[in-house]
Amino acid sequence: MNIVVFIKQVPDTDDVKWTENNNIDRTNTESILNPADRQALETALNLKQRYGAFVSAVSMGPYKSLEILKEAIALGVDDALLLSDSKFIGSDTCATSKVLAACIKEKFLNTNLILFGQSALDGETAQTGPSTAVRLSFPFINNVCEIKEINENNIIVISENESEKITYKVKLPAVLCINNSVYGYSIPKIEGYIRAHDYNYKIYNISELRLKEEETGVKGSPTYVSKVYKHNEYRNCRFINTDELLNKIKEVY
Amino acid sequence: MESDGILIYGELTSEYNVKTVVKQILTKACSLKEKLENCSIKVCLIGNRRHYDELINELGVYGADEVIITNDDRLENYDKNYYPEIFYQIAQKYRPQIILLGSTAQGKEIAAYCASKFNTGLTADCTNLDIAENNRLLSTRPTFGGQLTADILCKTLPQMATVQENIFKDKRIEHNAFARFEWINIDEIERKIEITDIIKKISEKKDITTSDIVISGGLGACKDNGFELINKFAQKINAAVSGSREAFEKGYITKAQQVGQTGKTISPKLYIAVGISGANQHIAGIKNSGKIIAINKDENAPIFKYADYGLKGDLFKILDELIRQYNTEKEEKQ
């Protein structure tokens with residue numbers, strides 16, 4: 001079984017810096033592995049343990065993203081590669097999903113399962129996984145928290161939303177977006193760190209993914225940010241005591 | 001082909017009523033329509049209902065001009081294999097300028113599916129929608145962990161956006177919609193996903209979206225008996241309990257109780273924020289509340305800027321005091 005996990009390095013959201021084009025300035029901001037993507041990695045590693053699988057971690061971004069690929073290798077994935085090209089810069093969800101779908105078509109033809117984190121800290125659109133799935137004509141399931149079973153043709157997963165827990169049987173290959181997974185966080189072993197340090201990380205550019213310049217980056221992105229601002233919904237706060245608070249409650253009823 | 005109008009996904013509840021978020025989107029669509037020339041508002045209903053009259057009336061009252069109905073026995077309940085493709089085929093046929101969906105489980109799936117098929121842009125979880133120059137849809141949403149707000153435009157058609165429930169207010173108007181039936185052959189769609197089991201979660205918790213008073217705990221309450229006190233006080237004053245993303249991640253509340261950009265948007269008459277610092281993503285979920293009271297020990301916490309009233313101090317002591325005072329008042333009355 002071949003599993004691809006798409007992971008993303010996200011900026012520390014407490015430390016915002018922007019480029020002139022109002023895109024996030026990733027080079028000057030502290031970065032971390034997106035928390036939901038970490039859950040996707042853990043899910044893949046759990047499947048590897050249970051069924052045996054070849055797990056590849058793939059990230060799209062600047063060379064700095066090699067940091068999270070190292071983290072993935074240290075955790076125990078088999079292969080890690082980076083999709084990086086200056087022409088990818090400024091990609092929105094639509095353009096990003098084109099790059100990721102091209103990566104699967106060009107480099108992972110025999111993939112059975114593709115995992116994403118449900119959403120990214122920085123964008124939170126939660127659309128990249130589903131959009132990539134649609135481009136590949138693969139079925140997708142959001143909010144997957146547990147994988148019950150996998151065989152050659154199907155995977156049985158549990159997806160949880162606030163009112164129900166639904167079990168789906170999905171035809172492979174499929175895309176799953178992982179959220180609130182049951183698989184916890186493993187701690188890398190020292191051998192993992194050594195392997196991560198010595199690993200030869202492959203890097204693919206736009207031509208190796210056979211994409212055209214106009215399909216990706218700013219040119220291939222239908223959406224653009226016209227303005228970014230700090231919003232201001234301030235009210236005039238008056239400090240009160242507990243008596244007054246109870247009175248405010250009485251005013252409601 | 002020329003594009004025209006606004007298309008909305010007419011999501012229904014499990015009792016086959018129009019979802020609140022659809023009515024709210026319709027009211028917003030009416031204000032967008034005023035700024036666009038020759039714009040009609042269409043709602044797409046997918047299902048197998050025999051009696052559509054009530055739904056058509058209901059959608060009309062909130063501003064729909066046309067209701068497009070696809071009818072098939074196999075579409076009784078939402079089906080991941082069919083609904084996104086059917087909605088896409090309808091959108092392809094009617095070529096709307098703008099497509100709007102509720103930011104629900106269904107809405108998100110259909111939106112992602114259509115945006116990819118159309119190769120167009122999609123702005124998720126918008127907090128406002130407007131018409132910019134050249135009749136473009138201007139979508140506003142918090143970005144970067146809610147630190148900032150971004151106005152987003154789309155270069156391609158259709159322009160797509162999803163909106164959470166309670167971001168907009170709905171309004172009934174004097175208006176009639178007419179219905180159009182469309183037939184889509186779903187035999188040609190491959191079924192790759194089947195449901196094998198559904199477990200309904202039963203919540204005994206008071207609904208935070210409908211309660212007049214909501215009391216909410218943040219990181220500051222995520223220790224010792226913080227949430228115990230919040231729950232106790234809430235029960236006494238008949239309030240619903242909610243919490244921040246941190247409170248959800250730490251297991252003190254359920255997902256249904258989470259307020260903010262990644263949780264629910266609420267507008268109670270009174271919102272009491274306990275130990276919540278006031279990150280923008282949290283504010284996004286509560287800013288339409290009637291009055292906001294903040295309890296926090298840090299006088300520089302941003303939450304105070306968004307509050308009408310503030311109590312500065314240790315939340316555990318303040319909650320203890322509130323419960324004690326409440327009990328005393330009750331006893332005096334008896």
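Helices (at least four residues) and strands (at least two) are DSSP runs, numbered from the N terminus. On that numbering, B:Pro158 lies in the loop between β8 (148–154) and β9 (159–163) of chain B. The model is a predicted one.

Q: What makes the peptide bond that joins B:Leu157 and B:Pro158 cis?
A: Its omega is about -10°. Most peptide bonds are trans.

Q: What is the omega of the peptide bond from A:Leu172 to A:Pro173, and where does A:Pro173 lie?
A: That bond is cis, with omega near -5°. A:Pro173 is found in the loop between β9 and β10 (174–178) of chain A.

Q: What is noted about the phi of B:Asn119?
A: The angle is positive, about 55°, although the residue is not a glycine. Most residues other than glycine have a negative phi. B:Asn119 sits in the loop between α4 (105–118) and β5 (122–126) of chain B.

Q: Why is the pair of B:Phe227 and B:Tyr252 called stacked?
A: Ring centres must lie within 6.5 Å for a pair, and planes under 30 degrees apart count as stacked. The centres of B:Phe227 and B:Tyr252 are 5.2 Å apart and their planes are at 20°, so the pair is stacked. Over all chains, the structure holds 10 aromatic pairs.

Q: Which parts of the chain does the pair of B:Phe227 and B:Tyr252 link?
A: The two residues are 25 residues apart and link distant parts of the chain. B:Phe227 belongs to helix α5 (residues 226–237) of chain B, while B:Tyr252 is in the loop between α6 (245–249) and β14 (270–274) of that chain.

Q: Which elements of chain A give two or more residues to the side that touches chain B?
A: Among them are α3 (93–107), α4 (128–136), β7 (140–150), β12 (223–229) and α6 (242–252) of chain A. By class, that side has 29 nonpolar, 18 polar and 22 charged residues.

Q: How many residues of chain A and chain B are in contact, and what area is buried between them?
A: 69 residues of chain A contact 80 residues of chain B. The buried area is about 6,800 Å², and carbon and sulfur atoms give 57% of it. Across this interface, 37 residue pairs are in polar contact.

Q: Which strand of chain B pairs with β16(B), and in what sense?
A: It is β15 (residues 291–296), parallel over four bridges. Here B:Ala294 stands opposite B:Gly310.

Q: Which strands does β9(A) pair with?
A: One is β8 (residues 154–160) of chain A, antiparallel over seven bridges, with A:Ile155 opposite A:Val170. β8(A) and β9(A) form a hairpin with three residues between them. Seven bridges also join β9(A) to strand β11 (residues 193–200) of chain B, running antiparallel; there A:Lys165 has B:Ile199 as bridge partner.

Note on methods. Residues are numbered from 1 along each chain as its sequence is written. Chains are lettered from A and ligands numbered from 1 in the order in which they are written. This is a predicted model: local features need pLDDT of at least 70, side-chain atom pairs count only at pLDDT 80 or more; totals for chains, interfaces and linings use all residues. Side-chain values use heavy atoms; hydrogens and water are left out. Contact means heavy atoms within 4.5 Å. Buried area is the accessible area (1.4 Å probe) that two parts lose on being put together, summed over both. A polar contact is a pair of N or O atoms within 3.5 Å; within protein, one must be able to donate a hydrogen and the other to accept it, and residues adjacent in sequence count only if both atoms are side-chain atoms. Ala, Val, Leu, Ile, Met, Phe, Trp, Tyr, Cys and Pro count as nonpolar, Asp, Glu, Lys and Arg as charged, and the others, Gly among them, as polar. Rings of Phe, Tyr and Trp (its six-membered ring) pair if their centres lie within 6.5 Å; planes under 30 degrees apart count as stacked, over 60 as edge-to-face and the rest as tilted. Two strands pair if DSSP finds at least two bridges between them.
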